[in-house]
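The following report describes selected features of a structural model. The sequence and coordinates are shown first, and the description follows.

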Amino acid sequence: MLRLPPTEVFYPQDLGQALERLAGANPPRVLAGGTDLLVALKQGHGGGAGLLALSRLPLGGVTARDGGWALGAGTPLADLVRWAPPGPAGEISRAAALVAAPPLQTRGTLGGNLCLDTRCHFYNQSAFWRSGRPPCRKAGGEVCHAVPGSPRCYACHQADLPPLLLALGAEVEVASRSGTRTRPLGELYTGDGRAPLGLAPGELVTRVLLPPSPPGSGAAYEKLRPRQGLDFPAAAAAVSVERDGRGRCAAARVVLGAVGSAPLRVPEAEAALVGTDLDGAALEGAAAAARRAARPVKNVDLTPAYRRQVVGVLVARAARRAWAAAARAGGEG
Amino acid sequence: MNRPPKIPVELRVNGADHELWVAPERTLLEVLREDLGLTGAKEGCGVGACGTCTVLLAGRPVRSCLTLASEAQGAEILTIEGLAETWPNRAEGELHPVQEAFVAHHGIQCGFCSPGMILTATALLDETPRPTEAAVRHGLSGQVCRCTGYTKIVASVLAAAERLGEGQP
C-alpha cells in the first residue's frame, strides 16, 4: 500500500482558528479536497507541519452577488458541474466537468484547483523514481532536468479553471488574520514554477468573485489532453468575448493554460479579435499570437512543438464557441 | 519525524457504525481494508488515477486512497460489500441490479476494477437514470480496466439502466 508519511491533521473549528494556525511559525499545509496534495505527499514532497483540513469549514457554495457571482473556495468541483447557470458563467460548469474524472470532482474543490501546484515530469514522481537524479529546483535542488542549464524552474501550470476564470474577469478574495482583501485573480500567479502562488504567509483563498457578464457576451474553455479522462491539460485556452449591437467584437480576453508556469493572458490575440466579426482572418490572427506567446517546454505530456501548434487551434475553437454563445445571448443566434 | 498520536474516527460503513482509533494520515482505503476487513475496494495505483479504490461517500464516488479516514467521518460510506443490501425487496443472496447486469453482460473479467466500476456506475445511474452511452463513458472515464473490457462494461451499465427503469415513467 502506498501510504502517506506520518502527519498531523488539524481540523479548525472556524475560519479564525484556521487563519491563526496558518499565521504561526512552521505553518501546516492547506488540505482542500486532497486529490493533488495527498499524491504529492505520498511521493515524498513533504514540508510544513502537518495538514490543515478545510472540509469542515463553511467555505463552499455559490451565491448571486451584485449581478455577478461569489463562488466559495470550498465548493466541490462536482457542485460546480451541476451548477450550470445561464450565460458565460455556465462555461465554468463545463470546464469543471473536464477536470480529471467525476470521482475526483467529488472531493476536488474550486480553491484547490485555483491553488493547484505546478507540475513537471521530473517532479511529480515517486521518491524512488526521483532518486536516480539530483533533486531539481522544485524539489529544493539546484538543477532543472526539463531545461538543463536553466536558472529557473519551468514547472507547468496545469489547472483547468484559472484560465477560464481569468477570461471572465474574476477576482479572488483572500483572508488572513488581518482581514480579507480582494484582488485580480491574475495576481495570484507568480509565474515561478517553484513557488507558483502569490500568497503571503498566513493567507488563504476564500472566494472567487465574478463580475456581472455584459449583455451579448460569451465564454468558452478548450483543453488538449492525451486521454479524454483523467489527464491534466497539456495545453488549454479560454476566451471571452463581448458582441456589440452591430455584430462586432467589442472586447475580448484570451488566456492560455498549461504552456507556462502561470496562466498566460495574450493581449495580441485579444487585439486580433476586437473590432472584427471573428472571421477566419481574425481567428487565425489570434491563433498566431497565442502560438507566439506560448512557452511550452518538455516537462508534461506531448511535445512542446505540438502543444504550441494546438494552443492556437484551441484559441480559435474557444473564440468561435464563445462568439456563438454571445450571439445567442444577444438574441441574434 | 515523531509519529503523531492516533485520533478517534467514527465511520458509518454499509449502514454499520464503527468507532476507531487511527493514525491521522491513514486513508479511508487503508482503514476499510486493514481495520474493517472490507477488501472489496482495491489499491491499484494509490494516487487516484486508476479508480479501483472508488467507494461512495454520501452517494458520490470518491477515491478512498486519496481520502483521509477522518475526512469520511459523518457521511454514509458505501462499499461493494454493502451495495446489494441497498436494493429494496431483494431476495436472500440476490445482487444489486447493477451487479447483476455486470454478471449477465460479462462486464467482469479479472474483477479487480469491478468494485470501483460498479459503484461509480451506481452513483451515475442514481443521478442520471437514463444515461446516453456517451454519458456512461464520461461517468466511467476515471475508472481503468486493464482487461480492457470497456465495451461490455458500458453495455452492462446501459442494461442496468434499463432494468432499474422498469416500471418507472
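In helix α1 of chain B, the residues B:L28, B:L29, B:E30, B:V31, B:L32 and B:R33 are buried. A residue is called buried if 20 or more other C-beta atoms, placed from the backbone, lie within 10 Å of its own, exposed if 12 or fewer do, and partly exposed in between. This helix (residues 28-35) is mostly covered, with six of its eight residues buried. The buried residues of α1(B) pack against β2 (16-22) of chain B. Just after α1(B), B:G37 adopts a positive phi of about 70°. Helices (H or I, at least four residues) and strands (E, at least two) are DSSP runs, numbered from the N terminus.

The model is predicted, and local features need pLDDT of at least 70, side-chain atom pairs count only at pLDDT 80 or more, and totals for chains, interfaces and linings use all residues. Residues are numbered from 1 along each chain as its sequence is written, while chains are lettered from A and ligands numbered from 1 in the order in which they are written.

Two helix pairs are set out below. Axes are lines fitted to C-alpha atoms, for helices over the stretch in contact, and angles run from 0 to 180 degrees between N-to-C directions.

| Helix pair | Axis distance | Angle |
|---|---|---|
| α10 (280-293) and α11 (304-329), chain A | within 8 Å | roughly 140° |
| α3 (97-104) and α6 (150-165), chain B | 8 Å | about 135° |

On the α3(B) side, B:P97, B:V98, B:A101, B:F102 and B:A104 meet B:S156, B:A159, B:A160, B:R163 and B:L164 of α6(B). Two residues are in contact if their C-beta atoms, placed from the backbone, lie within 7 Å. By class, this contact of α3(B) with α6(B) has eight nonpolar, one polar and one charged residues. Ala, Val, Leu, Ile, Met, Phe, Trp, Tyr, Cys and Pro count as nonpolar, Asp, Glu, Lys and Arg as charged, and the others, Gly among them, as polar.

The largest nonpolar core has 159 residues, and those with the most contacts inside it are A:V239, A:L256, A:A286, A:A290, A:V315 and A:A319. Its largest share, twelve residues, comes from α11(A). Such a core is a set of buried Ala, Val, Leu, Ile, Met, Phe, Trp, Tyr and Cys residues joined through C-beta atoms within 7 Å.

A:A49 lies in the loop between α2 (37-42) and β3 (51-53) of chain A. A:A49 counts as partly exposed because it has 16 C-beta neighbours inside 10 Å. Apart from neighbours within four places in sequence, A:A49 is in contact with A:N26, A:P27 and A:P28.
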